[in-house]
Amino acid sequence: MENVLKEITPKSVDYSQWYVDVITKADLVDYAPIKGFMVIKPYGYRIWEFIQEAMNKEFRATGHENAYFPLLIPEHLLTKEAEHVEGFSPEVAWVTMGGGEVLSERLAVRPTSETIIGAMYSKWIQSYRDLPVLMNQWSNVVRWEKATRPFLRTTEFLWQEGHTVHRTREEAERETLQQLFIYQRVIEGELAIPVVAGRKSAGERFAGAVETYTLEALMGDGRALQIATSHFLGQNFAQAFDIQFLDEDGVLKYGWTTSWGSSTRMIGGLIMVHGDDKGLRLPPRVAPIQVVIVPIMRGAERDAVLAYADRLQKMLSARFRVRLDARPEFTPGYKYNDWEMRGVPLRIEVGPRDVAQGAVVMARRDTGDKAPVMLGDVVDAVATWLDDIQAHLLEEARQRLAERTVAVSDYREAAQHGYRGFFTGDWCGQESCAEQLKADTGMTIRCLPLDAKPRSGRCVVCQGEASERMVFARAY
Ligand SMILES: [Zn+2]
């Protein structure tokens, strides 16, 4: 019965079902009684908190401060920037009643906050001395989605959105890229997810942006996930919201703004990049539990084993997040499966023989490797093993990304790979080719990678002259 309850559909059988099995059985989320919404349970929320901590550290180190702006945005503000409202209006949820009365103006539940923050910045910024303004908000947003999937696309999701104003174009452009690279550091360093950094093509840009930069990650099923974005907004929002400052030369000028965001979607990426048929595999830096101790308790030696395991837990707790699983109702084998499913990076087994020898057995979740370690060496060994696991998960994902990135000279070659993976090829820059690519194959331009060298090849769609390198894929 126990094993039946814990069974996870193999990835190769049904990847979508595997994903749903993992997130629900590992206790990360549950479905809410509202269609398209999810409840993030403590085990999943803790991962989000680690991401928040890592991001906040980077944001603060670069001079940003956290603030909070209202959930509801008056319609007249949302509609001020024309492209922006056009891009977002299909998915906006509106509040039309309050206090039992019809409101004189509809209020949008924020889909993003450029507009309400722009309105406030306009009030706060008078002089070049007020610049730059560097703020970030941790909040929820609502975008009414037709098809949803926990973490990846939900009607409401948690995120951070940074909003900055600068005196010059150059400074704003520098900020946009700086924040993109902060995301890259956190996503690769903490989540062990390798990414491709690039610009979005015009057709894929954020509504109202001059330039959108993105990080694209490759999921276990060969589909792309846009995992964080950073936008250079030029003066579009400054003009729409009248964000002006008196410069040193006495001239009134519009500010240059940026915005950048990353969301709980990263957790979806984490699951799909590292998970296997046993369940989650969490990188130690974001694992709510890094080490689980499983005592093997039998007969007369039961108390001695438990005391030993308890001592071990105390030794490790000062440096690591440790759980001692002494639940008497479950067998060690059941516990192994249970913690493997939850992705705990390291397991320590303690049995009567280990107690007698003053040792433990350590087992890695990522590779399954096991080895005996003397009690006196355990603290150092755990530190080393956790570092190894963190590095190995990133390396493994990097290798897969390299193996599944295929250079093509004609986009139809992607069919030989079942449209799974990242495809790179030259592009003429015409939206008509991007549209044909999508119509024929369901693939979209994920980005124009930042590290691409200047080129003069042939467009993989129309075979016309091409000057851009693109990465294209099917995406979540
Ligand atoms: Zn073309």
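Guide: Trp138 stands opposite Gln160 in S8. This is a predicted model; local features need pLDDT of at least 70, side-chain atom pairs count only at pLDDT 80 or more, and totals for chains, interfaces and linings use all residues. Residues are numbered from 1 along each chain as its sequence is written. Helices (H or I, at least four residues) and strands (E, at least two) are DSSP runs, numbered from the N terminus.

Start with the pairing itself. S7 (residues 133-142) is joined to strand S8 (residues 156-166) by 10 bridges, and the two run antiparallel. Strands count as paired if DSSP finds at least two bridges between them. S7 has a parallel pairing as well, with strand S3 (residues 65-66), over two bridges. There, Asn66 stands opposite Asn136 in S7.

Now the loops at S7. The loop between helix H6 (114-124) and S7 holds Pro132. The peptide bond from Leu131 to Pro132 is cis, with omega near -5 degrees. Between S7 and S8, the loop contains Phe151. Phe151 is not a glycine, yet its phi is positive, at about 70 degrees. Most residues other than glycine have a negative phi, and most peptide bonds are trans.

Next, a helix pair. Helix H3 (residues 42-61) packs on helix H7 (residues 169-189) at an angle of about 145 degrees, with their axes 10 Å apart. Axes here are lines fitted to C-alpha atoms, for helices over the stretch in contact, and angles run from 0 to 180 degrees between N-to-C directions. From H3, Ile51, Ala54, Met55 and Glu58 meet Ile182, Arg185 and Val186 of H7. Contact requires C-beta atoms, placed from the backbone, to lie within 7 Å. By class, this contact has five nonpolar, no polar and two charged residues. Ala, Val, Leu, Ile, Met, Phe, Trp, Tyr, Cys and Pro count as nonpolar, Asp, Glu, Lys and Arg as charged, and the others, Gly among them, as polar.

Five bridges pair S5 with strand S6 (residues 101-109), in the antiparallel sense. Met97 has Val102 in S6 as its bridge partner.

Step back to the domains. The chain divides into domain 1 (2-274), domain 2 (286-400) and domain 3 (405-473). These bounds come from an automatic or database domain assignment. Taken over C-alpha atoms, the centres of domain 1 and domain 3 are separated by 27 Å. Their contact takes 16 residues from domain 1 and 14 residues from domain 3. On the side of domain 1 that touches domain 3, strand S9 (196-199) and strand S10 (211-218) are the elements that give two or more residues. S9 supplies the largest share of that side, four residues. By class, the residues of that side divide into five nonpolar, five polar and six charged.

Last, a sheet with its helices. An open sheet of five strands runs in the order S16-S15-S17-S18-S19, with mixed pairing. Strand S16 (322-324) and strand S19 (370-374) form the edges, each with a single partner strand, so one side of each has no neighbour in the sheet. Neighbouring strands of this sheet are turned by 25 degrees against each other on average, direction ignored. Strand S15 (residues 291-295) and strand S17 (residues 346-350) run parallel, joined by five bridges. Ile348 in S17 is the bridge partner of Ile293. H10 packs on this sheet and touches S15, S16, S17 and strand S18 (359-364); its direction makes about 170 degrees with that of S15. H13 lies across S15, S17, S18 and S19, at about 5 degrees to S18. From H10, Leu312, Met315 and Leu316 meet Val378, Val379 and Val382 in H13. The residues of that contact divide into six nonpolar, no polar and no charged.

Conventions
Two residues are in contact if their C-beta atoms, placed from the backbone, lie within 7 Å.
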